[in-house]
Each structure stands twice: as C-alpha cells, then as structure tokens.
Amino acid sequence: KSRKPDGKEHEMVVDDARRTVYTTRFREIGWKGMPAYVKYIRDTTEEAETRKERDRLEQYFQTAVKYLPGGMAVIRHDVDGSIKPEYLSEGFSEMLGMRHEDAWAMYQESALAGVHPDDQAFVRENLDRCISEKREKYELEYRLQKGNGEYIWVKTKVSVIQCDGDCVRVYADYHDVTEEKRVREQLRQQYQEQIYQHYQLAGPDALILGHCNIT
C-alpha cells in the first residue's frame, strides 16, 4: 500500500547482519476476475555497496579538487586536432582572477585561448608530444592570461588519462610560479653581478680568469 503499482523500481533495505538491499517493483493485474499484484524482487546488495563506494570516492575527489592549490582541467584532444577543455576546476578560474563562467567562456573553444601568443606554439608542440608518446607525466612552463589582461607564469603537469578511439583525454594540473620565477631571476641577476665583479677585481698577476657551472 506504500507504492502505486506502476512497475517502477524501489529500494528496500533489510536490517539484517548483511544489511541486504532488494530492488522491488510490482504491477496490478486481473487474476480470474479479481485484482491481484505481481511483485518482482531482486537482490542488489552488491550493486548498492559498489554504488556507495563510488559515491564515497567521488566525494573524496570533489573535496581534493576543491582544496587543491592552483587549478586543474581535463582536456579533450580530437582527431581533427582540436583541444578543448571538458572540465575546469574552480581553483583554475580563481588562479586567473576570473569568475568560473568567464573562464569557461574564454577556454570553451580552445584550451590554448589564454596562452601567451609567444608560448602557444611551444605549448601545442609539447601537448602533441605528450599525447603521441602517451606520457603519464609531462611538465612545462608558460604564461596564461588573467582576467585583468595581465599574464602569470604557470607550471603545468600533464598526463594522458584516457584514449578512446580517436579521442584522447589529458589531465592538467596548474600552479602559479610567477613569484618563484621572479625570485629565480633575481638570484640569477645577483650571480651575474658577482661574476662581473670577480672579473673587475682581478689581481695584477692574474693570467687567466674563468668560471664554470658546478650545479
């Protein structure tokens, strides 16, 4: 009496030691001139456990994506050569100082839309190499445009995660390294100045001056 005999499936949990889950559906028929019900029962305990585990992993994934520093994307590469994002995390748009819908509007036709013009050939070449070699890990640095028109340096780790016929999907993990590059450039400049001073302060008896990279 709790359901209409519409033939639709409903879940029923039996609180036993196994916590068995059944899927039931029933319909009304005429049986020798009297109304009767035909009820179908199916044990779906394993399906319910699998679904519960999938939902749990999905929740973990969504939490990890939400609090992941930087941003992430799933990029689709088709046989015609087009590369379009299928997924952009909110962290990606936050990294660029944009609303999520504005980031989608910019990148929906091409994953290279916001890449600096001087870096686009480099990024395309490396993406194609990553896909052709089916790399599990590939890393590159380039510039991405922010919502205010300025550019930031990002370190992007990409990996092929799915090959489905002529379609290839690539996972991309982005980190803003603008400040790191500024510090590296500052240290490099200090190093160059030290070398220059070294040559300027050579003693009167010096015959040869030189330096080498011992990194």
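Is E109 buried or exposed? With a relative accessible area of 56%, E109 is exposed, since the cut-off for that class is over 50%. Keep in mind that this is a predicted model.

E109 is in a salt bridge with K84, and the closest N and O atoms are 3.8 Å apart. K84 belongs to strand β5, residues 83-88, while E109 sits in the loop between α3 (100-107) and α4 (120-132), so the pair ties together parts that are 25 residues apart in sequence. K84 itself is partly exposed, at 33%.

The next pair is E141 with R184, where the closest N and O atoms are 3.6 Å apart. Here strand β6 (residues 138-145) supplies E141 and helix α5 (residues 178-200) supplies R184, so parts 43 residues apart in sequence are tied together. E141 is partly exposed at 24% relative accessibility, and R184 is partly exposed at 33%.

E47 is partly exposed at 44%, and R42 is partly exposed at 37%. In total, the structure holds 20 salt bridges.

Now the sheet. Three strands form an open, antiparallel sheet in the order β1-β2-β3. Its edge strands are β1 (10-14) and β3 (34-43), each pairing on one side only. Neighbouring strands are turned by 40° against each other on average, direction ignored. β1 pairs with β2, residues 20-31, over five bridges; M12 has Y22 in β2 as its bridge partner.

Technical notes. Residues are numbered from 1 along each chain as its sequence is written. This is a predicted model: local features need pLDDT of at least 70, side-chain atom pairs count only at pLDDT 80 or more; totals for chains, interfaces and linings use all residues. Side-chain values use heavy atoms; hydrogens and water are left out. Two strands pair if DSSP finds at least two bridges between them. Helices (H or I, at least four residues) and strands (E, at least two) are DSSP runs, numbered from the N terminus. Axes are lines fitted to C-alpha atoms, for helices over the stretch in contact, and angles run from 0 to 180 degrees between N-to-C directions. A salt bridge is a side-chain nitrogen of Lys or Arg within 4 Å of a carboxyl oxygen of Asp or Glu. Buried means under 20% relative accessible area, exposed over 50%, partly exposed in between (1.4 Å probe, protein chains only).
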